[in-house]
Amino acid sequence: MFKSLQTYKLLFLRLILIVIAIEFSMYFFKIDLIFTGVFGFCVVFLLVREMYFYVKNFVQIYDKTISSILQDDFSSDFSKHKFNKTYDDLFHLYETLKGRQNEQISRDIIYRSILNNIESGVIILEKQETDWTIFLMNDYFSNHFKVPKVSKWKYLKNQLPSLCEVIEEDDFHEIKTAIDISINQESKQTFVLQASRTEIFEKEYCIVLLDSIQNVVEKKEKDAWINLMKVISHELLNSITPIRSICQNLQDLVEQDSLSNEDLEDIKTSVETMLRRSDHLQKFVEGYRKLAMLPSPKKQKTDVTDLIENALQIMNPLLKNEGIEVLNTISIKHSVWADTQQFEQVFINLLTNSLYALKNTFQKQIVLSVEARENRLFIKIADNGMGIEKEIEDKIFLPFFTTRNEGAGIGLTLSKNIIEAHGGYISHKRENEKTVFEICLIVE
């Protein structure tokens, strides 16, 4: 911590000098050199005084430095002592801890700034013996719920009893639920509540996050619209740009005084191209109309096996032509309330996707299975095709998104909409080297 050996040497040297000065002074008194002896004792006094102030100064600097470190107060200035090599290690420790504190303060400011700028309510609770205190509350939480930045849990409970009671019921442990909160006696708003508990350096913390469901839905809708507009603008530009270019070329041709056979052939080719791109646009708009105007399902009690068998009968010629082996492992009949036409379309779409995924596969195989558990029916369609690339996994259900040149990009979107209209959901995953599309339906 300090140059201990050097300090001990200096103290020992002072003690030796004092002892020698005392011995000489006593000797001078014995030989009756009174004034010399008095002078010797004056020297002893000066040496003792110098040693006293040396030790006092050392202890004061040491105590002040250690006290500053213990109290996390690094505002003291020891620059005037820096030339004294005795305190090198002590001041090095002080400066190191000061730098670490400044770094920690900078991080805290950045973290608090991040928490204060996110559009989610965040409170972090710290356990003090048996009570909980509010370690941190971000600005969004305070402003949105009209709560002052209190430090005690009981004060927050007075402001938001419905929230605090839910957290207390689970004893400040893991929670993920929806909660209705009334702010200033206004109409209730629904929030997604997530809480987690953690321990850091023998201190327990509970982190609480609150997201407005309306904000979550609006963000999802906004993202969906942005993605949809990207696809629509891409498709429109892909057709309009070449059509405009062809029209410009035709205008140049018809303005000529005479037309050669080669010009007439160019006109014919241009018109055919325009018709082809117009047909593509018409199909694109028709696909959008199908998605936007999907009729409500006309449900009736139907056997899932029959739905799948009907879809397989329609797809069998194509599947056989591609040499695809279909394993239908469904042996037990399972009934659901569904629109038969819409669900047949779902199975046709999924089988068509598997057919194209198996294009470049050697042993082509599609496996169909059904599993019933907890009042739910899980229908799986798996293939050993090339699979879905990670980069596009989150886009496959977007309207008009396709990786096939001849595809319209509405098959999976339409299937998803139909299944959700029936109160279920569809998901995909990679399982045992197979791509699996799983449909979940509630059994009524």
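Let's start with H422. H422 is buried, at a relative accessible area of 8%. Buried here means under 20% relative accessible area; exposed means over 50%, and partly exposed is in between, with a 1.4 Å probe and protein chains only. A word on the source: this is a predicted model, where local features need pLDDT of at least 70, side-chain atom pairs count only at pLDDT 80 or more, and totals for chains, interfaces and linings use all residues. Residues are numbered from 1 along each chain as its sequence is written, and side-chain values use heavy atoms, with hydrogens and water left out.

Where does H422 sit? In the loop between α11 and β11. Helices (H or I, at least four residues) and strands (E, at least two) are DSSP runs, numbered from the N terminus. What is H422 in contact with? Setting aside neighbours within four places in sequence, the list is P297, K299, W337, A338, D339, Q342, F343 and L441. Contact means heavy atoms within 4.5 Å. With D339 there is also a polar approach: a polar side-chain atom of H422 lies 3.0 Å from the backbone nitrogen of D339.

Five strands make an open sheet with mixed pairing, in the order β7-β9-β10-β12-β11. Two strands pair if DSSP finds at least two bridges between them. β7 (325–328) and β11 (425–431) are at the edges with a single partner strand each, so one side of each has no neighbour in the sheet. On average, neighbouring strands here are turned by 20 degrees against each other, direction ignored. For angles, axes are lines fitted to C-alpha atoms, for helices over the stretch in contact, and values run from 0 to 180 degrees between N-to-C directions.

Look at β11 again. Seven bridges join β11 to β12 (residues 434–442), and the two run antiparallel. One example: I426 has I439 in β12 as its bridge partner. Two helices pack on this sheet. Helix α10 (residues 340–357) touches β9 (365–373), β10 (376–383), β11 and β12, and its direction makes about 30 degrees with that of β10. Helix α11 (residues 411–421) touches β11 and β12, at about 25 degrees to the direction of β12.

On to another sheet. This one is also open, with five strands in the order β2-β1-β5-β4-β3 and antiparallel pairing. β2 and β3 are at the edges, each with a single partner strand, so one side of each lacks a neighbour in the sheet. The twist averages 30 degrees from one strand to the next. β1 and β5 run antiparallel, joined by six bridges. In β5, L209 is the bridge partner of V122. Helix α6 packs on this sheet, touching β3, β4 (189–200) and β5, and its direction makes about 160 degrees with that of β3.

Stay with β1 (residues 121–128), where E126 is found. Is E126 buried or exposed? Buried, with a relative accessible area of 8%. Its side chain joins that of K203 through a polar contact of 3.3 Å. A polar contact is a pair of N or O atoms within 3.5 Å; within protein, one must be able to donate a hydrogen and the other to accept it, and residues adjacent in sequence count only if both atoms are side-chain atoms. Not counting residues up to four places away in sequence, E126 touches D131, W132, T133, F135, K203, E204 and Y205.

Next, the aromatics. How many aromatic pairs does the structure hold? Six. Rings of Phe, Tyr and Trp (its six-membered ring) pair if their centres lie within 6.5 Å; planes under 30 degrees apart count as stacked, over 60 as edge-to-face, and the rest as tilted. W132 and F172 have ring centres 4.7 Å apart and planes at 20 degrees, so the pair is stacked. W132 is in β2 (residues 131–137) and F172 in the loop between α6 (161–169) and β3 (175–181), so the pair ties together parts 40 residues apart in sequence. W132 is buried, at 8% relative accessibility. F172 is buried too, at 6%.

Last, helix α2 (residues 34–70). Its 37 residues should span 54 Å at 1.5 Å a residue, and its end C-alpha atoms are 53 Å apart, which agrees. That expected span is 1.5 Å times one less than the number of residues. Among its buried residues are V44, M51, Y54 and F58. Just after α2, D72 takes a positive phi of about 55 degrees.
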